[in-house]
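Take a look at the chain below.

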Amino acid sequence: RLPETLSTAAPDSSSDRRQSFIQSFSPFLSIGISRTGSSMFEEASEVLENMLKWSFPLSLVLFLVLVCPLRAEAAHEFSVYRMQQYDLQGQTYGSRNAILNTEARSVEAEVLSRRCVMMRLADFSFEKYQKALRQSAGAVVIILPQNMSTMPQDIVQQFMELEPELLATETIVPVYFALEDEELLSIYTQTQISSSSQGSSSAAEVLLHTATANGFQMVTSGAQSKAVSDWAITSLEGRLTGAGEDLPTIVLVAHYDSFGVAPWLSYGADSNGSGVAVLLELARLFSRLYSYKRTHAGYNLLFFLSGGGKFNYQGTKRWLEDNLDHTDSSLLQDNVAFVLCLDTLGNSDNLHLHVSKPPKEGSPQHTLLKELETVAAHQHPELKFSMVHKKINLADDTLAWEHERFGIRRLPAFTLSRLESHRSPERHSIMDMRSVSGEATAGPHVDLTKLTRNTKVIAETLARVIYNLTEKGASGDLEIFTEQMQVQEDQLVSLVDWLTAQPRAAQLLDKDSSIVNTLEYYLNRYLKDVKRHLVRADKRDPEFVFYDQLKQTMNAYRVKPAIFDLLLAGCIAAYLGVLYLAVLNFGFLYGFLRRVTAPRVKQH
């Protein structure tokens, strides 16, 4: 029953009423607690023990699932194109490795060892590339813009000049090129931010950022590269037979393959898509002249599309061996007036006739030289024509121009090109692409107007030679190819568009490729006796060796760095340690909490 003080008291405020109530019940509460304190402790301990015994494993699993992010998450999949890998005359070139499975870093990072170094073309330099190689980088990925016309001229020119140096520096590091897209650019930006943070002044900042930042694991899907056995380089020939017997022969040559630091990015619009387009248009024009008895000239015209031109003209070398050493009847064994090789003719107002030996006056070669000067001066005064003399240097690893292959076999030959030097970077660059009509471009490209003009100059010159127009008193401004016989720019546009629609690196064009089959079909339309000539490397002492795995799919996986795993493991260990200590000292904690939460009695 309630004490009398509770029933009779009439405090003035609610606070006084609460205090009176507590004081009235305090004897009973203290007695209850003292009686049941030990049993409550034992009961709480038993409950906590059972809870930890049965629910802790499940709680830990749920904690790891909810707190810990996935180790790897697919971020992006894209195509990459590997640097050249080939052997030529016993020398090795390019990247000797294809496998990539390492974490991405930008070149600004302090440590690049065993990392995939990513660089954009705008930031690329040979010094940065060498830095990655010196630090034993796991791989190098160079990101190229989708549209090269957006790049400044100086950057494009610098990269073209660096391409031969990249290939000359043999490396076991996989080197890939990728075309920029939105996802890849985002990956590069995040990688760059992560790498730049490593230069912070505070070690704690570096550790914290390293633990919390996202990284990317770059992985290729292909296998290790290996040599391609029994690869065949295909060359094509066709002819227009002159009217008569024992006639002199004019040989027109162009190599159709392209070259660049990455085979799958080598489109070769100007070098040498323009030369092939000119040769095919000349075949069309002269086939019409030779189809009429009145204009059937007293010259044999031999057309040759050579393969392996970018690999020291392997197709031309084998073709000469087949015609001069392994047969008794060949147009090349008879009266060859001259050989005219066509190389890089798609731009510029300059034309250079490259010779290994200046032609003697009165020879067919001298006649060609004079007729070129005549046509350029009288019909196209804006065109600057000159002859460039360079002796054949057999000590060099590769020949300078294709006509030197014929010069070695003592056949009179020239190369006609817009380039003054064989060392011009435009001849061996992935920047040599077909520009869109009306679009400015920073790199080498084909100007269809100038290509058409150059084709007309060559056609008019050859016509003046084979019809002997100068000796017959024809003026220099007399044009043969006019009206229905004129050079068709639309035809050249179609040829160049088709030739640059896909890469034409020699490693990608086997004997059954669509490009080879289409070229053969085109020659059959206008020429006679079209033949294929195959070149296979000698198995004991190969002059050239190609390798596969030139195009692969690369996956970028979003990952946390290794330091994050250590930090997470430390957090989990600390959590379990605190939990263990709490259970071990439950009595102390319970008593402490009891004292903290116990109400204070106000003394009157």
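Where pLDDT is low, the predicted coordinates should not be read in detail. Residues 1-14 also stay under 50, and they have six contacts beyond four places in sequence. Which element has the lowest mean pLDDT, and which the highest? Helix 1, residues 4-8, has the lowest, at 40. Strand 10, residues 249-255, has the highest, at 98. For the chain, the mean pLDDT is 85. Of its residues, 82% reach 70 or more.

**The chain as a whole**

Start with the inventory. The chain has 15 helices and 18 strands. It has 604 residues, and 47% of them are buried. Now consider contacts between residues at least 6 apart in sequence. Of these, 81% join residues at least 24 apart.

What about the cysteines? A search of the whole structure finds zero disulfides. C341 counts as buried because its relative accessibility is 1%, under the 20% cut-off. C571 has 45% relative accessibility, so this residue counts as partly exposed.

**Into the core**

The largest nonpolar core has 68 residues. Which of them touch the most other members? They are I250, L282, F286, L305 and L340. Helix 7 gives this core its largest share, 11 residues.

Look at helix 7 on its own. It runs over residues 269-289, which makes 21 residues. N272 has its place in helix 7.

Now take I250, one of the core residues named above. Set aside residues up to four places away in sequence. I250 then touches Y299, N300, L301 and L302, among others. Its list also includes A337, F338, L462, V465 and I466.

**Rings in pairs**

A pair of aromatic rings is described by the distance of the centres and the angle of the planes. The whole structure holds 15 aromatic pairs. Take Y86 and Y93. Their ring centres are 5.0 Å apart and their planes are at 20°. That angle is under 30 degrees, so the pair is stacked. Are these two residues buried or exposed? Y86 is buried, with a relative accessible area of 7%. Y93 is at 16%, so this residue counts as buried too.

Compare F159 and F177. Their ring centres lie 6.3 Å apart, with the planes at 80°. That angle is over 60 degrees, so this pair is edge-to-face. F159 lies in helix 4, residues 153-168, and F177 in strand 7, residues 175-179. The pair therefore ties together parts that are 18 residues apart in sequence. Both F159 and F177 are buried.

Ring pairs can also build a group. Here they link Y86, Y93, F259, F311, F544 and F546 into a cluster.

First, R120. Its place is in strand 5, residues 116-120. With a relative accessible area of 27%, R120 is partly exposed. What does R120 contact, beyond its neighbours within four places in sequence? The partners are I143, E180, L185 and Y188. S106 is 14 residues from R120 along the chain, and their C-alpha atoms are separated by 9.5 Å.

Next, D246. This residue is not a glycine, although its phi is positive, at about 50°. D246 is found in the loop between strand 9 (232-240) and strand 10. Its relative accessibility is 77%, so D246 counts as exposed.

Last, Y313. Its phi is also positive, about 55°, although Y313 is not a glycine. This residue lies in the loop between strand 11 (300-306) and helix 8 (314-324). Is Y313 buried or exposed? At 4% relative accessibility, Y313 counts as buried.

Key
Residues are numbered from 1 along each chain as its sequence is written. This is a predicted model: local features need pLDDT of at least 70, side-chain atom pairs count only at pLDDT 80 or more; totals for chains, interfaces and linings use all residues. Side-chain values use heavy atoms; hydrogens and water are left out. A disulfide is a pair of cysteine sulfur atoms within 2.5 Å. Buried means under 20% relative accessible area, exposed over 50%, partly exposed in between (1.4 Å probe, protein chains only). Helices (H or I, at least four residues) and strands (E, at least two) are DSSP runs, numbered from the N terminus. The expected span of a helix is 1.5 Å times one less than its number of residues. A nonpolar core is a set of buried Ala, Val, Leu, Ile, Met, Phe, Trp, Tyr and Cys residues joined through side-chain atoms within 4.5 Å. Contact means heavy atoms within 4.5 Å. pLDDT is the predictor's confidence in each residue, from 0 to 100. Rings of Phe, Tyr and Trp (its six-membered ring) pair if their centres lie within 6.5 Å; planes under 30 degrees apart count as stacked, over 60 as edge-to-face and the rest as tilted.
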